[in-house]
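Open the model in your viewer and keep the selection panel at hand. The stops below go from charged pairs to a helix and then to a surface patch.

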Amino acid sequence: MSDEFNQIAKFEDPGLPEHVHRKTDTDPKAADLAERQVAILFILSALGTVLAIYAYIFIKDDVFFFIPIMGDTNAHQLFLGLGMAISLLFIGLGLVHWAKMLMPDTEVIAKRHEFRSPDEDRADFHQTIKEQAAAAGLGRRSLIKRTLGLALGFSALTPLVLLRDLGPLPGKDLEKTSWKRGTRLVTDPGDRPIRPEDLEIGAVAQVLPELEPGSTRHLSDIAKDAVLLIRLRPSEFQLDAERLSWTYDGIIAFSKICSHMGCAVALYEQQTKHLLCPCHQSTFDVTRAAKVIFGPSARPLPQLSITVDADGYLVAQNPFNEPVGPSYWERPS
Ligand code: FES
């Protein structure tokens with residue numbers, strides 16, 4: 001018996017059930033086995049870390065393979081995540097197993113004093129409240145009592161009134177942008193119409209719909225209408241026939257509003273052809289119609305179909321065929 005068990009005996013309370021010792025406390029063979037189990041869990045954790053480092057360094061991030069249910073899966077991210085998950089999971093399991101099987105199993109009882117105040121203090125407190133209320137005349141001045149209740153009740157209504165500052169509900173406003181069939185794409189800033197030859201291969205540009213004569217551009221319109229134009233080699237697209245017909249000579253257009261929570265998708269990696277949202281790292285593959293390949297976003301960025309008009313300027317073939325921005329705008333409730 002170790003000192004710890006003597007300590008238990010010393011503190012033992014006659015009202016508690018008898019302490020049941022673990023097998024690892026009494027059988028050295030069981031303790032050795034538990035030690036080996038903990039070691040195996042820690043080794044598995046280390047292997048998980050090796051996997052994560054290997055995936056980070058050696059698996060290229062353009063390698064995909066098909067997994068049922070998950071579909072096309074990025075091998076780099078899958079094994080990096082898997083390795084980190086294994087590393088954390090097994091280090092946690094190892095610590096828990098170590099604590100349960102081998103760490104000191106000591107029960108200690110600490111006596112606590114009663115929290116309730118002594119009766120004299122409680123009586124004193126009641127007496128003081130009564131005296132102060134009487135001194136303030138609360139009992140006699142019922143008008144004050146009632147109007148005070150009224151004032152307090154009304155003050156609770158203030159936060160409700162302030163809710164109005166949240167503005168009107170967006171309703172269907174967010175479902176439509178200013179893009180129409182034939183709307184020219186213009187530079188932002190500058191409002192200059194764009195021809196395909198203005199964009200080199202690999203270039204990216206933010207554009208807005210051309211303003212109709214006499215109209216002004218509101219900030220809220222810019223927030224909805226902003227579009228990213230990207231030019232690739234036409235052979236680099238992996239699109240179906242319909243989506244390919246929405247591009248023009250290697251130029252593809254997507255809503256700039258992230259489909260996760262509406263941040264501006266502002267980063268384009270020319271080498272991988274990925275668009276990245278800086279808010280929560282949703283990553284969209286430009287070659288595959290902005291398919292989500294990483295991050296919390298649940299759907300691709302809406303694609304705007306484009307072509308050129310009789311004067312050779314880029315124009316929208318049609319409005320967006322779905323609402324831009326976060327998916328939750330489309331939910332029925
Ligand atoms: S808003 Fe873009 S990833 Fe969250």
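Select Arg-116 and Asp-119: their side chains meet in a salt bridge, 2.7 Å from N to O. A salt bridge here is a side-chain nitrogen of Lys or Arg within 4 Å of a carboxyl oxygen of Asp or Glu. Arg-116 is partly exposed, with a relative accessible area of 46%; buried means under 20%, exposed over 50%, and partly exposed in between (1.4 Å probe, protein chains only).

This is a predicted model, in which local features need pLDDT of at least 70 and side-chain atom pairs count only at pLDDT 80 or more, while totals for chains, interfaces and linings use all residues. Residues are numbered from 1 along each chain as its sequence is written, and side-chain values use heavy atoms, with hydrogens and water left out.

Next, select Glu-322 and Arg-299, a salt bridge whose closest N and O atoms are 2.8 Å apart. Glu-322 sits in the segment after strand S13 (314-316) and Arg-299 in the loop between strands S10 (291-294) and S11 (303-304), so the pair ties together parts 23 residues apart in sequence. Helices (H or I, at least four residues) and strands (E, at least two) are DSSP runs, numbered from the N terminus. Glu-322 is partly exposed at 24% relative accessibility, whereas Arg-299 is buried at 11%.

Move to Asp-25 and Arg-22, another salt bridge, with the closest N and O atoms 2.9 Å apart. Asp-25 is partly exposed at 25% and Arg-22 is buried at 15%. Then select Arg-184, Asp-309 and Asp-311, which are linked in a network of salt bridges. The structure holds 10 salt bridges.

Now select helix H4, residues 75-101. Buried residues in H4 are Ala-75, His-76, Gly-83, Ser-87, Phe-90 and Gly-94. Their cover includes helix H3 (28-58), strand S1 (64-67) and strand S2 (71-74).

Finish with Leu-150, Phe-154, Leu-157, Leu-160, Leu-163 and Leu-166, which make a nonpolar surface patch of about 660 Å². Leu-160 lies in helix H7 (residues 158-162) and counts as exposed at 53% relative accessibility. Patch residues have over 30% relative accessible area and no salt bridge, with nonpolar side chains (Val, Leu, Ile, Met, Phe, Trp, Tyr) joined within 5 Å.

Technical notes
Contact means heavy atoms within 4.5 Å. Patches are made of residues with over 30% relative accessible area and no salt bridge: like charges are joined within 9 Å, nonpolar side chains (Val, Leu, Ile, Met, Phe, Trp, Tyr) within 5 Å. Accessible areas come from the Shrake-Rupley method with a 1.4 Å probe; for residues, only the protein chains shown count as cover.
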